[in-house]
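This report covers selected features of one structure. The sequence and coordinates are shown first.

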Amino acid sequence: MLLKVDNITVHYGRLAAVRNVSVEVNEGEIVCIVGPNGAGKSTTLLTISGILSPTEGTVTFSDRNITGMNPENVARMGISQVPEGRHVFTSLNVEENLRIGTRMRRDRAEIERDFQMVLEMFPVLGERKRQPAGKLSGGEQQMLVIGRALLTRPRLMTIDEPSLGLAPKIVDRVYEVLTDLRNRIGLTLLIVEQSSERALKAADRIHVLRSGQIQLSGNAADLRDGEKVKQAYFGFTEGVKHEGEVAF
Amino acid sequence: MAMTTEGNSAQRPTSSRFTIEAKSPFMLQVRAWWPPVLWSIVLLIIVAIIMLAGGPVLQKTLTDALIKLLVVVGLYVFIGNSGILSFGHIGFMMIGAYGAAWMTCCPRTKKLFIPGLPEYLQTHQFPFLVSVVVSGLLAAVVALISGSVLMRLSGIAASIGTFAFLMVMYSFYLRWDPWTRGASTMTGLPVETNSWVMLPFIVVVMFGAFLYARSRYGLSAKASRDDEVASKAAGVNVVGQRLLSFVISAFIVGMAGALFGHFLGILTVDSFGLPLTFITLSMLVVGGMQSLSGAVLGSIVISALFEALRQLEVGFNVGESVIALPGGGREVGIGILMLIILIFRRNGLTANQEIYWPFRGDAAAKTAMSRKS
């Protein structure tokens with residue numbers, strides 16, 4: 001198991017944003033966490049990447065306890081984070097943005113190869129190498145951030161709402177790229193998403209999170225008809241247990 | 001590819017009718033390093049003209065302006081890359097200046113005026129160049145210590161912290177009689193600095209600052225300036241990168257302080273206060289905070305304006321009467337210029353961009369640049 005989030009509870013002040021959440025990600029898997037606004041999805045990701053610390057529970061990454069480790073060191077461990085809202089470095093140009101991704105690495109030849117791979121995967125980035133990243137369109141910025149994360153050679157990439165504020169066509173393209181990455185280089189992905197439909201299509205396994213608790217976990221293939229997910233997502237049924245595979 | 005990058009012209013508006021094909025390795029390097037090369041040439045021309053044709057007063061004014069320019073380039077290394085406004089750097093200038101005094105005043109003066117110095121410093125006298133570099137290092141060490149606390153702050157809190165640093169240093173040196181003569185004037189520094197001496201220091205520092213800004217360290221600092229969260233997520237040690245730029249810039253400003261000491265030959269704590277802080281900051285703001293070209297251009301423009309207004313304050317003889325600006329006209333003039341810049345060009349005269357090779361005809365320059373970063 002690559003990542004094991006074990007029973008974490010995270011507080012903002014006195015408010016518990018996430019309660020007893022457990023998520024596991026195996027090597028080469030795409031796992032999605034879906035849920036409505038304020039469900040605690042981003043909080044879970046921020047806790048994994050070390051920006052927040054859980055009040056209870058542990059985060060283990062490839063058998064090392066990384067709970068409460070600072071973000072730089074988590075990144076160095078091989079968890080690359082794509083934060084919500086396309087955080088490009090606006091005044092740096094596209095190439096410099098990508099170079100930031102390689103700054104933790106020393107293997108020059110490999111870096112060049114990965115660089116070419118990213119440019120090949122996102123040709124538009126190559127065309128706009130010298131443009132300030134702030135001038136790119138939303139979709140291009142999302143590509144840039146994913147490219148930057150890739151250049152760190154992550155063992156796990158976490159992505160927060162890749163579809164946020166993008167046209168449906170661009171979202172399709174983003175997901176195409178993500179699945180392609182898994183198939184081509186065996187990248188492990190943990191994706192947080194509001195739109196459950198998209199997540200069901202791309203993921204191997206999904207977790208539905210609402211009000212800070214896991215409502216439903218399961219293989220995407222089993223849940224593909226969407227009914228159970230919808231119920232868990234919107235909370236139509238009461239008394240759903242979070243430990244059980246499907247508790248209703 | 002060359003076709004598609006034409007959309008770049010917004011970033012680099014200067015495309016020239018003249019194209020100079022840079023084929024030789026030397027010319028490619030000149031292109032890649034164009035901003036510091038350009039400003040070295042400009043400053044060489046200015047210095048040459050004034051030193052050969054100007055009067056002694058104008059020559060002194062020029063040296064003073066060049067010292068400020070060096071301070072502004074130092075400020076740019078920190079402010080431009082980390083994005084934190086610093087009000088504290090004149091403190092490093094003071095540390096550098098007094099460091100130079102400790103090293104180069106003659107032993108008799110030191111014994112008389114600053115008896116607190118340790119025996120070794122008291123009895124030895126060091127050459128000019130050693131004094132300048134070691135004074136810079138002294139400022140860098142102080143920056144390392146104070147910065148490891150200050151750089152944990154972000155944004156306006158960090159700026160206020162640097163301001164507090166200036167005030168602490170200022171009060172400290174003002175009362176540290178056995179080392180600094182306190183409120184009295186320290187005399188006896190050998191006068192070594194003139195414009196010709198300043199020039200090589202400025203050139204080396206400009207190349208160094210440009211190299212840093214393009215290096216992985218400079219890029220990391222700029223990434224943390226643009227987006228702190230994302231830079232952390234990309235593995236950037238934000239505090240560490242800020243601290244690095246703080247220390248480098250303090251080193252530069254410390255050297256400028258030492259050169260300043262060797263320019264006047266006398267020092268008072270008084271001269272390292274808020275007026276100097278604000279004039280150097282306004283130079284950086286007017287030029288454009290995020291580029292080396294901005295720092296240099298801003299210094300040149302403000303210094304030139306300052307000198308012109310000073311002449312006006314002295315006044316002209318028109319027939320029998322003298323026409324002159326009222327006293328304080330200089331400060332008002334700088335204030336007005338700042339306002340105009342802030343209203344109409346918020347990113348400074350250079351719009352935060354470097355001035356790149358204007359004679360471009362092919363894509364070679366760009367590839368040379370991209371290899372650098």
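Is B:Trp33 buried or exposed? The model is predicted. B:Trp33 has a relative accessible area of 16% and is therefore buried, the cut-off being under 20%.

## Aromatic pairs

Over all chains, the structure holds 18 aromatic pairs. In one of them, the ring centres of B:Trp33 and B:Phe210 are 5.8 Å apart and the planes are at 55°, so this pair is tilted. The pair links distant parts of the chain, 177 residues apart: B:Trp33 sits in the loop between α1 (25-32) and α2 (34-53) of chain B, and B:Phe210 in helix α10 (residues 195-214) of chain B. B:Phe210 counts as buried, at 3% relative accessibility.

B:Phe92 and B:Phe165 form a tilted pair, with 4.9 Å from centre to centre and 35° between the planes. B:Phe92 belongs to helix α4 (residues 89-104) of chain B and B:Phe165 to helix α8 (residues 155-175) of chain B, so the pair ties together parts 73 residues apart in sequence. Both B:Phe92 and B:Phe165 are buried.

Ring pairs also join B:Tyr98, B:Trp102, B:Phe172, B:Tyr173, B:Trp176 and B:Trp179 into a cluster.

## Helix α3 of chain B

Helix α3 (residues 56-82) of chain B has 27 residues and spans 39 Å from first to last C-alpha, close to the 39 Å expected. α3(B) bends by about 30° at B:Tyr76. Of its 27 residues, 20 are buried, so α3(B) is largely enclosed by the rest of the structure. B:Gly83 follows α3(B) and has a positive phi, near 80°.

## Nonpolar surface patch

B:Val332, B:Ile336, B:Leu339, B:Ile340, B:Ile343 and B:Phe344 make a nonpolar surface patch of about 640 Å². B:Phe344 is found in helix α16 (residues 329-344) of chain B. B:Phe344 is exposed, with a relative accessible area of 66%.

Conventions
Residues numbered from 1 in each chain as written. Chains lettered and ligands numbered in written order. Predicted model: local features only at pLDDT ≥ 70, side-chain atom pairs only at ≥ 80, totals over all residues. Heavy atoms only, no water. Helix = DSSP H or I, 4+ residues; strand = E, 2+ residues; numbered from the N terminus. Expected span 1.5 Å × (residues − 1). Bend = angle between axes of the 7 residues up to and from the residue. Buried < 20%, exposed > 50% of the residue type's maximum accessible area, 1.4 Å probe, protein only. Patch = residues over 30% accessible without salt bridge, like charges linked within 9 Å, V, L, I, M, F, W, Y side chains within 5 Å. Areas by Shrake-Rupley, 256 points an atom, 1.4 Å probe, with all protein chains shown as cover. Salt bridge = Lys/Arg side-chain N within 4 Å of Asp/Glu carboxyl O. Phe/Tyr/Trp six-rings, centres within 6.5 Å; stacked < 30°, edge-to-face > 60°.
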